[in-house]
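Take a walk through this structure with me.

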Amino acid sequence: MAAAVNDDARTATPQPAAALAALADERVDHRFKGLPPDAQGLTVGELANQRRNLFTGGFTTPVLTLSAERLEHNLALMESYTARHGLAFAPHGKTSMAPQLFARQIERGAWGVTLALPHQVRVARAFGVQRIFLANELVDPAALRWIAVELAADPDFAFLCYVDSPRGVELMDRALTGSTRRLDVVVELGAGAGARTGARTEAECAALADAVAATDTLRLVGVAGYEGEVPDADPERVRAWLRRLTALAVAFDADGRFADLPEIVVSAGGSAWFDAVAEVFAELPALSAPALKLLRSGAYVSHDEGHYKHVTPFNRVPEEGALHPALRLWSQVVSRPSPEQAFVNAGKRDAAHDLDLPVPRTVHRDGAEHPATGVTLTALSDQHGWLVTTPDADLEVGDWLSLALSHPCTAFDKWQLIPVVEANGTVTDFIRTHF
């Protein structure tokens with residue numbers, strides 16, 4: 001039998017403002033790539049207050065940057081989009097794992113933050129996030145007991161996660177024996193045969209709901225899933241699966257499975273199909289309690305110039321706006337062995353490359369910038385980018401070359417401290433990641 005949760009092992013009430021402010025007190029040193037060597041010993045806040053120029057202020061390459069203006073644009077756009085469509089918003093924090101961005105997302109109207117792993121929840125809690133959707137199954141007993149302690153210590157902390165198997169429910173119940181608050185769960189409906197996690201059929205979902213109801217430790221609060229895993233996804237298939245999800249919520253409610261809840265959670269939404277989520281969730285009929293229609297898109301915060309540029313729903317609904325790519329990786333030309341070839345000092349350790357290779361965009365030389373015409377990146381080594389150049393390429397050793405990236409999730413995780421840069425090159429802030 002599992003040990004009872006120790007109610008005395010309580011954590012302190014999170015103080016988000018103090019925790020965020022403390023990030024500015026961290027000392028600049030060798031841990032952080034791309035920062036000026038002469039900033040050694042300054043605090044991050046002191047360096048930000050100097051408002052150095054990215055190109056003349058001592059920054060070294062490679063260095064990943066976030067556009068201040070584009071970041072703000074993306075935050076504002078998704079705030080207005082979700083409000084316009086009656087959606088609650090819990091952006092997926094695994095994209096950036098940056099508490100400063102979590103705070104800005106919440107300030108811009110987000111309900112809370114979505115996460116995927118217990119460590120990520122611990123990061124969010126350390127910075128005072130009060131509403132967390134864990135879009136995953138959680139069966140690790142140590143993590144479950146820690147969550148139970150957090151819930152017991154903070155009555156205002158809201159946490160919910162997936163269940164997708166009777167065995168998982170059994171393990172959760174065993175780990176949570178003795179907890180003082182029930183843990184809120186949603187039944188995950190799988191996106192189809194061969195998809196990722198989730199119960200495959202409505203009958204399996206009903207059996208899961210029965211298993212949850214038989215425990216003293218769990219409370220069923222809704223249904224959820226991820227439409228991005230629909231096999232051979234297209235608008236028709238995605239909408240069909242989303243209608244299965246909403247129908248499941250209606251059926252559960254009709255069976256009295258959500259009795260006495262203040263709200264019923266219906267959640268979906270990655271970064272490729274949130275227009276379909278908005279459309280189908282708008283069709284949801286009235287339930288016995290208000291529906292919390294929870295969207296979980298995360299990549300929007302920085303967007304990109306590759307994968308998400310092509311799959312964003314704003315391509316289908318341009319009248320709703322457009323996200324702007326906010327990440328740029330600045331590298332430096334370190335070798336020009338022939339007129340047809342060059343090398344920069346950024347490679348796999350610095351650039352996202354799991355979906356698409358980086359794309360050269362601009363060349364910066366002596367305070368002026370011009371398009372990277374005739375420059376193509378063809379491969380990455382650990383610390384080098386391989387460039388093919390045509391005769392019209394204006395590229396010299398020592399030039400700074402900006403690279404557009406594809407897939408923000410694997411760009412953020414390579415950088416611990418990311419300069420936020422205004423359009424004129426002024427560095428105004430630094431974003432600290434916690435992977």
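Predicted model: local features only at pLDDT ≥ 70, side-chain atom pairs only at ≥ 80, totals over all residues.

The expected span of a helix is 1.5 Å times one less than its number of residues. Helix α6 covers residues 141-153, 13 residues in total. From its first C-alpha to its last it reaches 18 Å, close to the 18 Å expected.

Now look at what α6 hides. Its buried residues are A143, L144, I147, A148, V149, E150, L151 and A152. They pack against two helices, α5 (118-126) and α7 (166-175). They also pack against two strands, β5 (158-163) and β6 (183-188).

Step back to the whole chain. It holds twelve helices and 18 strands. Its C-alpha trace spans about 70 × 50 × 35 Å along the principal axes. The chain has 435 residues, so a compact globule would have a radius of gyration near 22 Å; the value here is 24 Å, which agrees. Of the 435 residues, 54% are buried. Consider the contacts with a separation of 6 or more: 70% of them join residues 24 or more positions apart.

Then the surface. The chain exposes about 17900 Å², and carbon and sulfur atoms supply 52% of that area. As for charge, there are 39 positive and 55 negative charges. Their mean positions are 2 Å apart.

Next, single residues. F127 sits in the loop between α5 and β4 (131-137). Is F127 buried or exposed? Its relative accessible area is 13%, so F127 is buried, as the cut-off for buried is under 20%. Leaving aside neighbours within four places in sequence, F127 touches P16, A19, L20, L23, P99 and H434. P358 is another matter: its C-alpha is separated from that of F127 by 32 Å, and the two residues are 231 apart along the chain.

Some backbone details deserve a stop. Most residues other than glycine have a negative phi, and most peptide bonds are trans. Against that background, T61 and P62 are joined by a cis peptide bond, with omega about -5 degrees. P62 is in the loop between α2 (44-49) and β1 (63-67).

Two residues have a positive phi. For D232, phi is near 50 degrees. D232 lies in the loop between β7 (218-224) and α9 (235-254). D232 is exposed, at 63% relative accessible area. For H303, phi is near 55 degrees. H303 lies in the loop between β9 (291-295) and α11 (307-311). Its relative accessibility is 5%, so H303 counts as buried.

Terms used: Residues numbered from 1 in each chain as written. Heavy atoms only, no water. Helix = DSSP H or I, 4+ residues; strand = E, 2+ residues; numbered from the N terminus. Rg over C-alpha atoms; globule rule 2.2 N^0.38 Å. Buried < 20%, exposed > 50% of the residue type's maximum accessible area, 1.4 Å probe, protein only. Contact = heavy atoms within 4.5 Å. Areas by Shrake-Rupley, 256 points an atom, 1.4 Å probe, with all protein chains shown as cover. Lys, Arg positive; Asp, Glu negative; His and termini not counted. Charge placed at Lys NZ, Arg CZ, Asp CG, Glu CD.
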